[in-house]
Amino acid sequence: MDLTFTDEQVMLRDSLGKYLERNYDFETRRAVVAASGGHDPKIWADLAEMGLMALTLPEDRGGLGGSVVDLVAVAEVMGAKLLAEPWLPALPGALALAHGGAGEGGAAALAAFAEGGAPIAFAHEEGRALAEPARVAMTATRKGGELILSGAKRYVVAAEIATHLVVSARVSGAPGARAGIVVALVARDAPGVTLDAYDTVDGRRGANIRFEAVRVPAADVLADEDAGCDLLNAALAPTVLALCADAVGAMGALVKITARYAADRKQFGVPIGSFQALRHRIADMAMAHQKARSTLIVTTAMAEAGACAPRDLRLLKAQVGRMGREVGESAVQVHGGVGMTDELSVGHYFKRLLAMDAIYGAGRLHFRAIGAAA
Amino acid sequence: MNLEMGEALEAFRAEVIAFLDANVTPDLVEAGAKTTSVFAPFEQAMRWQGILAARGWAAPNWPVEHGGAGWSAEQADVFAQECERRGLPPLLPHNLKMIGPLLIDLGTPEQKAKYLPGILSGEDFWCQGYSEPNSGSDLASLRCMAVSDGDDYLITGQKIWTTYAHHANRMFLLVRTSTEGKKQQGITFLLLDSMDLPGLTVKKTIGLDGFPEQCEVFFDAVRVPKANRVGAENDGWSVAKHLLKYERGGGSPGPALRRRLAALREAAARADDGMGGVIADDPAFQERLGMLEADVISVDYHFRHARGGGEPAHDPAYPSMMKTLSSETSQALSAMMIEVAGLEGLPRQLDALAVGANSGPLSDGFDMVAMPYYLNTRAASIYAGSNEIQRDLIARIVIPA
Ligand SMILES: Cc1cc2nc3c(=O)[nH]c(=O)nc-3n(C[C@H](O)[C@H](O)[C@H](O)COP(=O)(O)OP(=O)(O)OC[C@H]3O[C@@H](n4cnc5c(N)ncnc54)[C@H](O)[C@@H]3O)c2cc1C
């Protein structure tokens, strides 16, 4: 058993970390978020140059065939550096496209993405977070060889800058049934697609998307009703791992920043880190981070070995969300008034953690499912 | 023990209802619905204060000769209940629970005559200039200097976290007039007649929720007459301590928390739980909601117990307990709010949150308010004496020396 990153992975982490340190300090990030919803083409292109987009794709799809461990390795660094570029939001769309039966259009979109082109947005969430892909409700009907999509998706991150959307929909069965879900590739500017875009609390751009009789040619159906649910799971499993890695990276940064602040900030003539109430709180933050990180690392190793069940992923996702909120709340509290402002990175890490807890199934759902059945 | 109920109280309720029917306008209700902080939207909160002041109800707890309403505790409860039922915004505490009562107790006759009418009517708004960048919990270490210059002081230094300074036209503040002796000595309490004085600059700070609520205030030889001093020179610390009694005592958080609790319950009954049902039907959620409600009720009753002359009224730890319990209960409530809002809490809807906005919420009002309220409510355990400081005070009282 080896639960460390390989030398190659360590190198990739280092070079990404160094790149972000040089080119993506907090002020730069703030400017990118304010100007363009967290996406700067130059930074995006640099990430592609480092191979981070290709890393997500299998070799037969023009990718580098990165493993989940690779994804986790880089995502943790992205979280630690508060990267707002939509690498993570683009991940499930790219994976679905790579593993589904994409036609020519899909192959071209994927190739473009791998080289630093537009992200592929993942239009899957519908309401208050789908913990379970089988709960997809948006309808699709078959007409001739085509698929007609009607309904709405919510919280689709990076949809505005994407050329393509990967959309989940249901041709048969009721929400909850695994069968009957299809996955389709849709051009973002296809007739009948309307975006209602907004800023998100964590500095990205999201959109609620309406589909009004959107026609999808057979070639752009990535998975039909027998395979849709599996394809979604195949796209989501590595995504959830990467998302948890990002969150763990953010937590680690918060522990460090907060501990530093407690050592530097003085009140009553002494560092606030000398007050036991804060010492214990910071110790709890450090434990929460370690607990989350160990859960991440072992679950990732299990996934790499093909031994990670959906239940294991749920547990990780829920636990990381819970620990993340705890760490974020404590970081703000230890900082006092200045922790309540948008001027420090602290609040931005905190909001990133909150957003990650809410997407792909809130903790409450996963804990409930775990508690309900062994 | 005795709770006043019955006909007289119901007659009073009818009077309140008739008054609210005649005076509540949609913008006030909208401001109440879009209140994501302990501090309601400024314009509507002050307009509402003006309406209440005209009826003599803006500061019911003040002595009657200064404009108080002379209500019984039960009447005050009825009034609060009826206001919450309509979702009205809370009044801002600065005038009515801080500087007003302080001047009634410690102001000179001239100060009372000059300031109290504007404080009560809401024509003036007073901000509180205590905290400084290096003096937060350790407030007594403050360094904003006031030097004597004939009949005036010249103030130089900085304040921070001054809530609504960008809306205020007046300020009460603590300054250092002496660096000798203990740090608590050498502090003086002053009143500023204007926020447009030469040498004074206000800079807004953007909060986690994306809104400006606190400010930095910079002083460069700002001239203030000595007549604007409350208490003696170098005795400002005891003036400030006197004020604390009002600041921490405050009103009951009960009615506002109950309203948010009811909104949470309704939202949970609508919210898809991601498993084919609604969140309100999840037994685990129900249990937590039940505990939350019990906490809301206990905090409210703790307040009532004290107000009714019971044991907490004589407990020196009561103000700290009340502050800690109520802040943590509202934080727990806010956490359940974002849980129910889920993904729908993630869009940043600053425009739609403004009173009078042209755009509506992306999903519904509950979802729109949940995240900013949650984020803003993190401050409740930081301001007015952090909860760490409060727990220390409580422990000091509870643990024998
Ligand atoms: C929303 C908001 C509104 C505010 N409005 C106003 C206002 O209108 N006017 C005004 O003057 N001020 C205002 N304040 C400032 C507020 O009073 C201070 O933030 C508060 O006193 C804490 O000071 P600080 O922010 O400097 O934190 P610090 O004092 O630096 O505290 C940082 C951390 O250290 C902890 N700590 C400090 N000392 C101890 C100790 N002895 N033992 C254990 N833990 C300790 C604190 O609990 C906190 O967790 C406001 C603050 C906020 C957040």
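Hi everyone! The ligand here is surrounded by residues from chains A and B, so its site is shared between the chains. Please keep in mind that this is a predicted model, where local features need pLDDT of at least 70, side-chain atom pairs count only at pLDDT 80 or more, and totals for chains, interfaces and linings use all residues. Residues are numbered from 1 along each chain as its sequence is written, chains are lettered from A and ligands numbered from 1 in the order written, and side-chain values use heavy atoms, without hydrogens and water.

Which residues come nearest to the ligand? Of the 27 around it, they are Gln333(A), Gln128(B), Ser137(B), Thr163(B) and Ser386(B); a residue counts as near if one of its heavy atoms lies within 4 Å.

Now some polar contacts, meaning pairs of N or O atoms within 3.5 Å; within protein, one must be able to donate a hydrogen and the other to accept it, and residues adjacent in sequence count only if both atoms are side-chain atoms. A side-chain N or O atom of Ser386(B) is 2.5 Å from a ligand oxygen atom, and a backbone N or O atom of Gln333(A) lies 2.6 Å from an oxygen atom of the ligand. The protein buries 93% of the 970 Å² that the ligand exposes when taken alone (accessible areas by the Shrake-Rupley method, 1.4 Å probe; for residues, only the protein chains shown count as cover).

Helix 13 of chain B gives the largest share of the shell, three residues. Helices (H or I, at least four residues) and strands (E, at least two) are DSSP runs, numbered from the N terminus. Just after helix 8 of chain A, Gly306(A) has a positive phi of about 75 degrees.
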